[in-house]
Amino acid sequence: MTIFLAMLAVLGISASGPIMAATAAPALAIAFWRNMIGSVVMGVPSAVSRRREFRQLTTSDLGFSALAAVALALHFACFITALQLTSVAAATALVCLQSAWIVLFNRLRGIKASKLILCGVGLAFVGVLVISGFDLQLSSEAILGDLLGLIGGAMAGIYTMAGGRVRRRLSTGPYTTICYGLCAVILLVMALAFGQPLVGFPAEAWVGILGVTVVAQLMGHSVFNHLLAVLSPLVVSMFILLEIPGAALLAAIFLGESLPWGTYIGLGMILAGLAAVVLSQNRPKLVAPAPAPESTGPAQD
């Protein structure tokens, strides 16, 4: 069931790019509405069935949920802006560094990655480069876009790690309600600050917004947030790498675009890297037997 849900989530986030590209609305507005609608959809049933969890929220729950919301909003802002300044290939490849960022953040926390994890992450990222081309440009705008793409990947890593921390205590509904709701508020402020309208779009744009909310926000992000209870943030971030070949495959199926040979090679490398990370997570750890307690003389009655 876990693999099925992961593949369902990959399908959802893979459809995000094509739908957003075809939606005639500002990027921050799309991000705002998908989070706002997602928060309501997840929040209404949670308010009925999970009222006790909302009442028992701790400062830690709210803090890490807020951290995840800020990171998610900044991820959207950085990635969307990067797409406008540099090539789509470079921006996508840099944002997909989130798994490498998680390894780095864990190292800063004193958690070392095994050689198998490092090899898996490295192999998967090479697969991303094979698919995307990763053509860094030399103009000042492109360099800024590349930097924003890099930051966007780091923000995605923080979002995933913070969500994994909250999901130890909260179920999917309450967590996503809080996270998406706070993210929508942040995106609202950003949209107003940059002068991007939130209403007044044609009917086709609203169809696109609803579509990206259902497939990317609810079927993609929410399912991955659900899986954070049983998978580590690193494994979830590795699954997210499949968005790149997934989007290419959807474009080939629904838009008739031909797939270059590099897509299949890159997909194989990402899958091999993902398998290495998953196997590393499941390897049993050897625990030294506890030493026998030293005798301190005869027991006293």
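1. Arg169 counts as partly exposed, at 48% relative accessibility. In this predicted model, the side chain of Arg169 meets that of Asp61 in a salt bridge, with 2.8 Å from N to O. The pair links distant parts of the chain, the two residues being 108 apart. Asp61 belongs to helix H5, residues 59-85, while Arg169 sits in the loop between helix H9 (140-166) and H10. Asp61 is buried, with a relative accessible area of 4%.

2. How many salt bridges does the structure hold? The count is two. Besides the pair of Asp61 and Arg169, there is one between Glu53 and Arg50, whose closest N and O atoms are 3.3 Å apart. Glu53 counts as buried, at 16% relative accessibility. Arg50 is partly exposed, its relative accessible area being 38%. As background, side chains of opposite charge can pair when their charged atoms come close.

3. On the overall fold, the protein has 14 helices and zero strands. Of the 301 residues, 48% count as buried. Among contacts between residues at least 6 apart in sequence, 88% join residues at least 24 apart.

4. The aromatic residues deserve a separate look. The count of aromatic pairs comes to four. In one of them, the ring centres of Phe201 and Trp206 are 5.4 Å apart and the planes stand at 45 degrees, so the pair is tilted. Phe201 is buried, with a relative accessible area of 12%, whereas Trp206 is partly exposed, at 28%. Phe201 and Trp206 also belong to one aromatic cluster, together with Phe32 and Trp33.

5. Which residues make the nonpolar surface patch of about 390 Å²? The patch is made by Val126, Val130, Trp261 and Ile265. The elements that give two or more residues to this patch are helix H8 (115-132) and helix H14 (261-282). Trp261 is found in helix H14 and counts as exposed, at 66% relative accessibility. For the protein as a whole, the accessible surface comes to about 15200 Å², and 70% of that surface belongs to carbon and sulfur atoms.

6. Confidence should be read alongside these points. The mean pLDDT of the protein is 84, and 87% of the residues reach 70 or more. Where is confidence lowest and where is it highest among the named helices? Helix H6 (residues 88-95) has the lowest, at a mean of 71, and helix H10 (residues 172-193) the highest, at 96.

How values were computed
Residues are numbered from 1 along each chain as its sequence is written. This is a predicted model: local features need pLDDT of at least 70, side-chain atom pairs count only at pLDDT 80 or more; totals for chains, interfaces and linings use all residues. Side-chain values use heavy atoms; hydrogens and water are left out. pLDDT is the predictor's confidence in each residue, from 0 to 100. Helices (H or I, at least four residues) and strands (E, at least two) are DSSP runs, numbered from the N terminus. Buried means under 20% relative accessible area, exposed over 50%, partly exposed in between (1.4 Å probe, protein chains only). Contact means heavy atoms within 4.5 Å. Accessible areas come from the Shrake-Rupley method with a 1.4 Å probe; for residues, only the protein chains shown count as cover. Rings of Phe, Tyr and Trp (its six-membered ring) pair if their centres lie within 6.5 Å; planes under 30 degrees apart count as stacked, over 60 as edge-to-face and the rest as tilted. Patches are made of residues with over 30% relative accessible area and no salt bridge: like charges are joined within 9 Å, nonpolar side chains (Val, Leu, Ile, Met, Phe, Trp, Tyr) within 5 Å. A salt bridge is a side-chain nitrogen of Lys or Arg within 4 Å of a carboxyl oxygen of Asp or Glu.
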